[in-house]
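I opened my notebook to look up a few things about how this fold is put together.

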Amino acid sequence: MRTSVERPGRVAVIGVGVLGACVGWNLSRQGAQVIFIDAGRPGEGVTNWSFSWVNASNKTVRRSYFDLNVAGMAAHRDLAGAIGPDSWWYPSGHLRWAGDPAAETKLLETAELLAGWDYGVEVCTGAEARRRLEPAVAIPGEVSVVFYPDEAWVHGRRLVGALVGLAVSAGAELRSGTAVRDIGTGADGGVRTVGLSDGSSLDVDVVVNAAGPGAAHVAGLVDRRLPVRREPGVVARVGCAQVPVHRPMHAPRIEIRPDGDGSVVLHSREVDALIDTGDESAELARLLHDMGRQVVPELGDSRVTGARVANRPVPADGFPSVGAVPSVPGYYEAVSHSGITLGPVIGRLLAAEILGGRRDAMLAEFRPERFRARTSHEPE
């Protein structure tokens with residue numbers, strides 16, 4: 001059974017968000033013939049409309065998942081060294097504080113757990129955080145604030161642009177503005193062709209499904225069942241003459257970070273919960289803006305410049321689906337929430353698996369085969 005190519009072959013990467021870009025760049029730099037395929041434009045889907053926070057502090061539900069995210073943080077630092085950090089990499093740390101005693105207790109318990117796992121953690125008061133880190137932020141002076149100095153944020157669209165640009169310069173091909181219509185297989189069940197909505201057909205050795213919210217549909221083209229959650233989220237950008245914050249932060253109701261180019265990004269789980277109530281994205285953005293101004297008063301003169309509701313690519317159990325699908329030789333998945341954090345490490349590990357057959361132990365709990373195959377009587 002063909003589970004990898006013996007030498008660099010022709011690889012179609014479906015979906016050019018941060019995961020697809022990282023996989024494709026790693027393959028291209030090792031000599032594979034990469035074809036990037038995206039129905040839109042690279043980096044302008046979910047990657048451009050996420051909170052884009054590089055972290056492992058929010059990934060403590062399973063130690064293996066935490067470790068994978070720590071590896072993702074380290075891979076970002078390596079990537080910045082390899083391609084340069086300009087315009088996309090911002091290792092400024094992250095602040096978090098709670099709004100009530102029970103939530104504060106839980107926050108401090110998590111901080112203690114992370115410190116025990118050798119993760120960088122500092123605890124200070126709100127007054128100290130304002131004085132030392134964020135003078136424009138209205139943090140109550142007596143609350144406990146947790147600072148994670150090794151965390152960062154990423155300008156996802158710029159990172160994707162840089163990686164795809166480097167890959168194309170090395171010989172990769174970019175097909176943007178065209179969707180995948182079908183995936184043809186051979187007698188052994190392995191992938192052979194990719195048909196596109198523009199009517200063209202590509203002969204390929206490997207397909208990488210990095211299609212984000214469309215990953216379940218792409219999996220279905222090879223009769224593969226990939227169960228995913230529906231988890232929409234709304235992000236707003238506000239423009240301001242001078243960005244008043246220096247790093248990502250989680251306030252009690254709102255998440256805030258700088259975004260470069262005189263703008264700030266806002267997100268809130270509380271507002272996400274309103275998405276299915278019929279409110280338009282403009283109204284959700286107004287709510288986010290109001291919340292943001294309560295935490296950062298200097299945003300009072302800012303204005304919303306854009307907002308988008310995007311479906312997060314989350315496999316049904318909440319964890320990544322990464323690697324080969326043994327029943328479909330030549331087909332691989334790179335589907336995950338937290339793609340910003342995990343992109344560089346998944347890109348490196350999956351490229352090594354595709355080109356050399358090396359199944360890294362770090363991915364052992366996150367392999368696609370944990371989702372059972374579809375049976376003939378099971379509904380779609």
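**Entry 1: strand S1.** I kept in mind that this is a predicted model. I started with S1, residues 10–14, and asked how many of its residues are buried.

**Entry 2: neighbours of S1.** Next I looked up the pairing of S1. I found five bridges to strand S2, residues 33–38, and the two run parallel. As a landmark in S2, I marked Val 34, which stands opposite Val 11. I then traced the chain from S1 to S2: the path goes through helix H1, residues 18–29, and this β-α-β crossover is right-handed.

S1 also pairs with strand S13, residues 206–209, in the parallel sense, over four bridges. Here my landmark was Ala 12, whose bridge partner in S13 is Val 207.

**Entry 3: helices H2 and H9.** I turned to H2 (residues 63–83) and H9 (residues 339–356) and asked at what angle they pack. I got about 75 degrees, with the axes 7 Å apart. Angles of 65 to 115 degrees count as roughly perpendicular, so that is how I logged H2 and H9.

Which residues meet there? From H2 I listed Tyr 65, Leu 68, Asn 69, Ala 71, Gly 72, Met 73, Ala 75, His 76 and Leu 79. Facing them from H9 are Ile 340, Thr 341, Leu 342, Pro 344 and Val 345. Sorting the residues of this contact, I wrote down ten nonpolar, four polar and no charged.

Technical notes:
Residues are numbered from 1 along each chain as its sequence is written. This is a predicted model: local features need pLDDT of at least 70, side-chain atom pairs count only at pLDDT 80 or more; totals for chains, interfaces and linings use all residues. Side-chain values use heavy atoms; hydrogens and water are left out. Axes are lines fitted to C-alpha atoms, for helices over the stretch in contact, and angles run from 0 to 180 degrees between N-to-C directions. Angles under 35 degrees count as roughly parallel, over 145 as roughly antiparallel, 65 to 115 as roughly perpendicular and the rest as oblique. Contact means heavy atoms within 4.5 Å. Ala, Val, Leu, Ile, Met, Phe, Trp, Tyr, Cys and Pro count as nonpolar, Asp, Glu, Lys and Arg as charged, and the others, Gly among them, as polar. Buried means under 20% relative accessible area, exposed over 50%, partly exposed in between (1.4 Å probe, protein chains only). Two strands pair if DSSP finds at least two bridges between them. A crossover is right-handed if, with the strands pointing away from the viewer, the path from the first strand over the helix to the second runs clockwise.
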